[in-house]
Amino acid sequence: MQKNIIINTTADDHRIARLAALAIGLHIAEAIIPSPLPGVKPGIANIVTLYVLYRFDFATAAWVSLLRVFASSLLLGNFLSPTFVLSLAGALSSLFTLALGVKLPRRWFSPISLSILAAFAHIAGQLLVVRLWLIPHTGVAYLLPIFATAALLFGVINGLITTKLLADKRP
Amino acid sequence: MSGWKTCPKPLPGDWIVISAGLLLVVMLFLTLWHGEHAAKLRIRQGDTIYATLSLDQERTLDIHGPLGNTRIVIHQGRARFVSSPCRNQYCVHQGWLSRASQVAICLPNQISLELLGAKKSYDSLNY
């Protein structure tokens, strides 16, 4: 006699799953777009993380971000590979920065600020892993200015998009 | 959707963050891309340091590896592989090395060149 396993899910779970699915979709779409330099990517999935942080709370944003990292790596077939570790390192350092950044006064700092700070934290976390584990050579520092430029540029763009999405009143 | 014609306006704090970000990027370019001029050339053969030479000289070296002779030239503060007995010639195609911490490696013939900056060379000198 087979027993049916029933997992009780809450409305929160459904919301997290829906938002994570959106982030995963964006992540996969971005993975297909070729980049002139490995690692320089717009990070459009982070728009979802930032949006969720403002619309809901930090815990939901962390869930969505980390689910995105794990599920995308399974779909792309690089789970537990260096690519996955870099993705995770970037996501964790971004989330850490967002946890601090969300305490900034809203009157002065919009999602644009948080987007830029998270983008810088993202590359800092990734390059730290690259330097300590993958390429233990000072030559890595040579790439830092390029990554920092990309972080600033895409940080501003993603922040503008997030602000725009948040201004839309529909839930 | 409220339309994409109106762009959200950054707040004063955002401008501070953007300015700080720009400053950081410029600082990174200035400090990391200034291309420190190399002072010395370190040649490794197999697992040993074959020689550490000043780049301030005109010199041609022939180094013997497992495949044969590799020719290295030091010229006007730069160094390069000129000829190598290896099959794919990656080392030769690497061209001139001129900045500190640049490296050219010939794996088949087990020879590598590394340029050292002025600071690092003091750490490794022994008299």
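At 18% relative accessibility, Asn78(A) is classed as buried, because the class covers residues under 20%. The model is predicted. Asn78(A) sits in the loop that links helix H3 (58-76) to helix H4 (82-101) of chain A.

**The loop between H3 and H4 of chain A**

- Leaving aside residues up to four places away in sequence, Asn78(A) is in contact with Ser73(A), Thr83(A) and Phe84(A).
- Leu80(A) is likewise placed in the loop between H3 and H4 of chain A.
- Leu80(A), at 61% relative accessibility, counts as exposed, whereas Asn78(A), at 18%, counts as buried.
- The phi angle of Leu80(A) is near 70°, which is a positive value in a residue other than glycine.

**Helix H2 of chain A and its packing on H5**

- Helix H2 (residues 45-55) of chain A packs with helix H5 (residues 111-134) of chain A at an angle of about 135°, and the two axes are 11 Å apart.
- On the H2(A) side, the contact is formed by Leu50(A), Leu53(A) and Tyr54(A); on the H5(A) side, it is formed by Pro111(A), Leu114(A) and Ser115(A).
- By class, the residues of this contact between H2(A) and H5(A) comprise 5 nonpolar, 1 polar and no charged.
- The crossing of H2(A) past H5(A) is right-handed.

**Thr49(A), a buried residue of H2**

- Thr49(A) belongs to helix H2 of chain A.
- With a relative accessibility of 5%, Thr49(A) counts as buried.
- Residues up to four places away in sequence aside, Thr49(A) touches Ala61(A), Ser65(A), Leu95(A) and Leu98(A).

**Packing of H5 with H6 in chain A**

- Helix H5(A) also packs with helix H6 (residues 144-167) of chain A: their axes come within 7 Å and cross at roughly 145°.
- The crossing of H5(A) and H6(A) is right-handed.
- The contact of H5(A) with H6(A) holds 16 nonpolar and 6 polar residues, and no charged residues.

**Make-up of chain B**

- Chain B contains 3 helices and 7 strands.
- Read from the N terminus, the elements of chain B follow the order α-β-β-β-β-β-α-β-β-α.
- Of the 127 residues in chain B, 35% are buried.
- Among contacts in chain B between residues at least 6 apart in sequence, 35% connect residues at least 24 apart.
- Chain B has an accessible surface of about 8000 Å², and carbon and sulfur atoms account for 58% of this area.

**A positive phi in chain B**

- Gln76(B) is located in the loop between strand S4 (69-75) and strand S5 (78-83) of chain B.
- Although Gln76(B) is not a glycine, its phi is positive, at about 50°.
- Gln76(B) counts as exposed, with a relative accessibility of 57%.

Terms used. Residues are numbered from 1 along each chain as its sequence is written. Chains are lettered from A and ligands numbered from 1 in the order in which they are written. This is a predicted model: local features need pLDDT of at least 70, side-chain atom pairs count only at pLDDT 80 or more; totals for chains, interfaces and linings use all residues. Side-chain values use heavy atoms; hydrogens and water are left out. Axes are lines fitted to C-alpha atoms, for helices over the stretch in contact, and angles run from 0 to 180 degrees between N-to-C directions. Helices (H or I, at least four residues) and strands (E, at least two) are DSSP runs, numbered from the N terminus. A crossing is left-handed if the near helix is turned anticlockwise from the far one by less than a right angle, and right-handed if clockwise. Contact means heavy atoms within 4.5 Å. Ala, Val, Leu, Ile, Met, Phe, Trp, Tyr, Cys and Pro count as nonpolar, Asp, Glu, Lys and Arg as charged, and the others, Gly among them, as polar. Buried means under 20% relative accessible area, exposed over 50%, partly exposed in between (1.4 Å probe, protein chains only). Accessible areas come from the Shrake-Rupley method with a 1.4 Å probe; for residues, only the protein chains shown count as cover.
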